[in-house]
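Please look over the structure shown here before reading the notes that accompany it. They are written for someone meeting it for the first time.

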Amino acid sequence: MMQIRLNLPPFIFDIHSSVGFVEQNMHHMYPDELFINSSRPADYFVGVEKANGLRKFIRPQASFSFDAIEPFKTLPLNHAYASLEWGINYVVANQSLQYVILHSGIVAKGDKAVLLPGPPGSGKSTMTAYLSGRQGWRLLSDEMALVLPETLKVQPFVRPICLKNKSVDLVKRWYPDAKLSTVARNTHKGDVVHLCPGDSSWQQRDDLAKVNAIVFLRYDQRVDLEITELNQNQGFMQLAQNAVNLNLHGQQGFNTLVNLIENSAVFEVVYNDVEAVRTFLEQDVL
Amino acid sequence: MIKKITTWDVFHHETLPGTTPKVTSHSYTITGSTLLHKFSDGSGVVLYQKNTGAATGLTLDIESVLARENIDADTLKLLNQLSASGFLTPSPAKY
């Protein structure tokens, strides 16, 4: 039975699990210094446990819980670690009202951040994985940008990057020494693997970054690189579609989005070459 | 044939200004819970309904449209849609 307290700035999680490979993955994915003494109060209590019931004899299941509530249906036991990571995303997206949260990858070069919003399948996690491994770049999050209200500042929330299907092989090719989790097969997203971020991302997990650019990504195998600069109106509307808790922030949330749009370069980028996108960002945007 | 004029018709024709086919835009104002931002690059405005979280971008200057005496049918259709979405509210009648 695993019971750990994990310091994932800006939150502390109490995590429990009776699934053996979940504990192994946690220790493989997260640096030792993030496992802290249980005397420190936790912000959120989450866990993933083997589900009870007759089904466990035929097809073992796992269930994610948050504060003793099970918000999702049970999943195959094989998905337990992935469901824990997704569950943590769910908890933060729904509970952390001190931030305006955008569904977006976010990486930074130094303290200059680039937001990479996009729907599932747009390639944002793949691009986030690629950029965060390049010299001088770091990961803030592959899933959500925690924006301090009415500022351009983003709080890092460094966690393993969720890779799906073909992107797993791409990452293995780019980073042969990358630390990867066990595979969760046949999830609703396909085969899923989590990638441990590089050391520089973990080391700078407390360092805020300032948003300089917003890039709406779309992967298209037929297009090497196509860049369109969006006007502020177009940019706002696209960004608003990726805002998770905008309605809960009222005027403050609106001001935050306006502030981001008014002070950032906004592009739509269709690509099939990650290196071309990196060159564009480094030479023309940052 | 001489039309019989009722008391109501007399009242209507004598007092209501809206007997011409022109459409006035004074029928709508921005609701108190709608926030508006005019983008600095001139790309238009965004309306944000803070109670519902709905946002809509417009390439026209909504404030000047609402201040106009006359508007065309397409613009009126847009204003009706914005009203249905909670961004605008009908102005109180003048009489």
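The model is a predicted one. Chain B and chain A bury about 1300 Å² between them, and within chain A two domains have been assigned, domain 1 (2–95) and domain 2 (100–159 + 197–285). Over all chains, a search of the whole structure finds nine salt bridges.

**Contact between chain B and chain A**

- Chain B brings 20 residues to the contact and chain A brings 13 residues, while carbon and sulfur atoms give 65% of the buried area of about 1300 Å².
- On the side of chain B, the residues that lose the most area to chain A are L35(B), F39(B) and Y48(B), which together account for 38% of what that side buries.
- There are zero salt bridges between chain B and chain A, but seven residue pairs are in polar contact, both residues of each pair being at pLDDT 80 or more.
- Three elements of chain B, namely β2 (34–38), β3 (45–49) and β4 (54–58), each give two or more residues to the side that touches chain A.
- Sorted by class, that side of chain B holds eight nonpolar, nine polar and three charged residues.

**The two domains of chain A**

- The centres of domain 1 and domain 2 of chain A, taken over C-alpha atoms, are separated by 27 Å, and the contact between these domains takes 15 residues from domain 1 and 13 residues from domain 2.
- About 1200 Å² is buried between the two domains of chain A, with carbon and sulfur atoms giving 66% of that area.
- P9(A), N89(A) and A93(A) supply 40% of the area that domain 1 buries against domain 2, more than any other three residues.
- Between domain 1 and domain 2 of chain A the count is one salt bridge, and three residue pairs are in polar contact, again with both residues at pLDDT 80 or more.
- The elements of chain A that give two or more residues to the side of domain 1 touching domain 2 are β2 (11–17) and α3 (80–95), and α3(A) provides the largest share, five residues.
- The residues on that side of domain 1 divide into twelve nonpolar, one polar and two charged.

**A covered helix in chain A**

- Helix α4 (residues 124–132) of chain A is mostly covered, nine of its nine residues being buried, and among them are K124(A), M127(A) and Y130(A).

**Salt bridges in chain A**

- The side chains of R159(A) and E85(A) meet in a salt bridge, at 2.7 Å from N to O.
- R218(A), D220(A) and R222(A) are linked in a network of salt bridges, in which the side chains of R222(A) and D220(A) meet at 2.9 Å, N to O; R222(A) is exposed, with a relative accessible area of 74%, whereas D220(A) counts as buried at 11%.
- R185(A) forms a salt bridge with D191(A), their closest N and O atoms being 3.3 Å apart; R185(A) is partly exposed at 49% relative accessible area, and D191(A) is partly exposed at 24%.
- E282(A) and R278(A) form a salt bridge in which the closest N and O atoms are 3.1 Å apart, and because these residues are four residues apart in helix α9 (residues 274–285) of chain A, about one helical turn separates them.
- E282(A) counts as partly exposed at 26% relative accessibility, whereas R278(A) counts as buried at 18%.

Conventions. Residues are numbered from 1 along each chain as its sequence is written. Chains are lettered from A and ligands numbered from 1 in the order in which they are written. This is a predicted model: local features need pLDDT of at least 70, side-chain atom pairs count only at pLDDT 80 or more; totals for chains, interfaces and linings use all residues. Side-chain values use heavy atoms; hydrogens and water are left out. Contact means heavy atoms within 4.5 Å. Buried area is the accessible area (1.4 Å probe) that two parts lose on being put together, summed over both. A salt bridge is a side-chain nitrogen of Lys or Arg within 4 Å of a carboxyl oxygen of Asp or Glu. A polar contact is a pair of N or O atoms within 3.5 Å; within protein, one must be able to donate a hydrogen and the other to accept it, and residues adjacent in sequence count only if both atoms are side-chain atoms. Ala, Val, Leu, Ile, Met, Phe, Trp, Tyr, Cys and Pro count as nonpolar, Asp, Glu, Lys and Arg as charged, and the others, Gly among them, as polar. Buried means under 20% relative accessible area, exposed over 50%, partly exposed in between (1.4 Å probe, protein chains only). Domain bounds come from an automatic or database domain assignment.
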